[in-house]
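Here is a briefing on helix packing, nonpolar cores and aromatic pairs. Look at the sequence and structure before reading on.

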Amino acid sequence: MSYLTIVNSVLEVIILLLIALFVGVLIPGIERKYVHARIQQRIGPPVTSSGLWASIKFLYKENIKPNSPVPGLYKAMPILCFIVVFLVFIALLPLSYGFLAFASLIAIVGFLKVEEIAYVLMGSLSKSVMSAGLRFPDHVKGAERVNTLTSYIEDISSNRSLRMIAFGSFPLYLALFIPAAMCGSIFLGDIVSYQQVHGPFLFSLAGVLGTIVFFIGLMIMLNEYPFNIVKAKADVIEGPYMEFASKYRTFVYVTRGFMIFTLSCLYSVLFLGVAPGLLSLGFIVCIIVALIFVLFMGVFSAFSPVFTNRQFYPVVLVSSVIGVVGVILGLLI
């Protein structure tokens, strides 16, 4: 590979990343302005306020020292999540298809697992002052408290995140391997090439089932309503995000939108056979897929309550069964 080719590849990656980040920070505003606000019959905030300007605003906020046993590691978690999503995005680009071990479903699953584990670490490393007075077991008022432990709200979020890793993300990973079963390869380049010859997997029964399971897994991975049980109390207690301020809060905002767009690119690659590229229509297709996902996410979350374990486990079980059926149908093709 010549020096000029390397420079051109790096420039293409940088340009694609900048476009992806710009689209990503607009996605929360689009969801609130054109979905939630319309459903609630109100004007809604400007498109740029929820993601773009909020991210810029927090850069100028005063940083704080979190109430954490390891504050440096805790503050590094949003940066780690951003890096993981960035690596997934790079793996989806056609430039990476020559690196088979990197541009494969195994690598994608590994990166997403690291992102999930980061939420567990956030919850276990944060000890916010809002929950410093919570103690158990409960005692009658005035009774002496001897050797009592302190329970933190973030511990609840950490336990819930661990539950999401064990059960919640299973549908998404099943959906990822439906295209692999249909083309007989786990490498992204082979999956894209197969669909360019035989047509998108979406237009098959296995592809339809995979799309349904992928969408459910997408919402679970994003901790979106009604699957936002990671937060100890929705819209009031931010759970593992409680103590993040300044540029670390900015990483939280940017990473969420970036992840929505990256997972949309992942769907485009796996079920449409369209890879995000600078000089092709692939990137436009990925943007359209992201907007469609945002539309359905907004509608679904607007009319759904927050799931408890009673609703969460059956939904995960049913969607996992659908995913298994999709994999079996993919193998039979």
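The model is predicted: local features need pLDDT of at least 70, side-chain atom pairs count only at pLDDT 80 or more, and totals for chains, interfaces and linings use all residues. Residues are numbered from 1 along each chain as its sequence is written, and side-chain values use heavy atoms, without hydrogens or water.

**Helix contact**
- The axes (lines fitted to C-alpha atoms over the stretch in contact) of α7 (residues 188–198) and α9 (residues 246–272) come within 7 Å and cross at roughly 55 degrees.
- Contact (heavy atoms within 4.5 Å) involves Leu188, Ile191, Val192 and Gln195 of α7, and Val269, Leu270, Phe271 and Leu272 of α9.

**Nonpolar cores**
- A core joins buried Ala, Val, Leu, Ile, Met, Phe, Trp, Tyr and Cys residues through side-chain atoms within 4.5 Å; buried means under 20% relative accessible area, exposed over 50%, partly exposed in between (1.4 Å probe, protein chains only).
- The largest core has 76 residues, and α9 gives the most to it, with 13.
- A second, separate core has eleven residues, including Tyr74 and Tyr248.

**Aromatic pairs**
- Rings of Phe, Tyr and Trp (its six-membered ring) pair if their centres lie within 6.5 Å; planes under 30 degrees apart are stacked, over 60 edge-to-face, the rest tilted.
- By this rule there are 15 aromatic pairs.
- Tyr194 and Phe201 are tilted, with centres 5.6 Å apart and planes at 40 degrees.
- Tyr194 is partly exposed at 25% relative accessibility; Phe201 is buried at 3%.
- Phe214 and Phe271 are edge-to-face, at 6.2 Å and 70 degrees.
- Both Phe214 and Phe271 are buried.

Notes:
Axes are lines fitted to C-alpha atoms, for helices over the stretch in contact, and angles run from 0 to 180 degrees between N-to-C directions. Helices (H or I, at least four residues) and strands (E, at least two) are DSSP runs, numbered from the N terminus.
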